[in-house]
Amino acid sequence: MAEPIEEIAVSLAKARHDYQAAVAMKPIAEAAALADKVRDLTQRLSSAIVRGANACPDCENLPVGIQQPAVIRGQHVSTFEVGCVVCHDHRAFGLTLDDAVANWNASKYLPRKAS
Ligand SMILES: [Zn+2]
């Protein structure tokens, strides 16, 4: 069964917090284990976000997904981005997960970042 994104995101936020606290206070091995947990949850969240997304049309790698907090009209919301780690100009945005994946699958990319 598909793992709910909000659940992963909450676990990830907690793991990041635990890691930040451990870096300052705990032995390095303990902090490293918490860093592994952050990496694992980041990966799981990405996989959950890109469920239903096609491979990159140019390099055929599977895209990665990120969830980003935003404030829209005073409301705290999550926005989503699906992108290719190889083709940096292939990044699709969505106010919802479905929009981000739909934009990605339709090759509707964000404007290229100014360099
Ligand atoms: Zn690509």
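The entries below follow the order in which I looked things up.

**Entry 1: ground rules**

I am working with a predicted model, in which local features need pLDDT of at least 70, side-chain atom pairs count only at pLDDT 80 or more, and totals for chains, interfaces and linings use all residues. Residues are numbered from 1 along each chain as its sequence is written.

I checked confidence before anything else. pLDDT is the predictor's confidence in each residue, from 0 to 100. The chain averages 92, and 97% of the residues score at least 70.

**Entry 2: elements**

I counted three helices and three strands. Helices (H or I, at least four residues) and strands (E, at least two) are DSSP runs, numbered from the N terminus. The order from the N terminus is α-α-β-β-β-α. The C-alpha trace spans about 45 × 40 × 35 Å along its principal axes.

**Entry 3: strands**

I followed the strand pairing next. Two strands pair if DSSP finds at least two bridges between them. E1 (residues 64-72) and E2 (residues 75-83) are antiparallel, with nine bridges. Pro69 stands opposite Ser78 in E2. E2 also pairs with E3 (residues 91-94), again in the antiparallel sense, over four bridges. There, Phe80 has Gly94 in E3 as its bridge partner.

What lies between E1 and E2? The two strands form a hairpin with two residues between them. Arg73 lies in that loop. Its phi is near 50 degrees, a positive value in a residue other than glycine.

Is Arg73 buried or exposed? I use C-beta counts here: a residue is buried if 20 or more other C-beta atoms lie within 10 Å of its own, exposed if 12 or fewer, and partly exposed in between, with C-beta atoms placed from the backbone. Arg73 has 5 C-beta neighbours inside 10 Å, so Arg73 counts as exposed.

I found positive phi at Ser107 too, near 55 degrees, again in a residue other than glycine. Ser107 lies in the segment after H3. Ser107 counts as exposed because it has 12 C-beta neighbours inside 10 Å.

**Entry 4: Arg91**

I stopped at Arg91, which lies in strand E3. Arg91 is buried, because 21 other C-beta atoms lie within 10 Å. Contact here means that the C-beta atoms of two residues, placed from the backbone, lie within 7 Å. Not counting residues up to four places away in sequence, Arg91 touches Glu81, Gly83, Tyr109 and Leu110. I also took the separation from Ile28: the two C-alpha atoms are 36 Å apart, and the residues are 63 places apart along the chain.

**Entry 5: domains**

I looked up the division of the chain: domain 1 covers 5-49 and domain 2 covers 55-115. These bounds come from an automatic or database domain assignment. The C-alpha centres of the two domains lie 22 Å apart. Five residues from domain 1 and seven residues from domain 2 take part in the contact.

On the domain 1 side, helix H1 (5-25) and helix H2 each supply at least two residues. H2 gives the largest share, three residues. I sorted this side by type: four nonpolar, one polar and no charged. For that, Ala, Val, Leu, Ile, Met, Phe, Trp, Tyr, Cys and Pro count as nonpolar, Asp, Glu, Lys and Arg as charged, and the others, Gly among them, as polar.

**Entry 6: core**

Of the 115 residues, 18% count as buried. I then looked for nonpolar cores, meaning sets of buried Ala, Val, Leu, Ile, Met, Phe, Trp, Tyr and Cys residues joined through C-beta atoms within 7 Å. The largest has twelve residues, among them Ile8, Leu45, Phe80, Leu97 and Trp104. H2 (28-49), E2 and H3 each supply at least two of its residues. H3 gives the largest share, four residues.

Leaving out residues up to four places away in sequence, Leu97 touches Ile5, Ile49 and Phe80.
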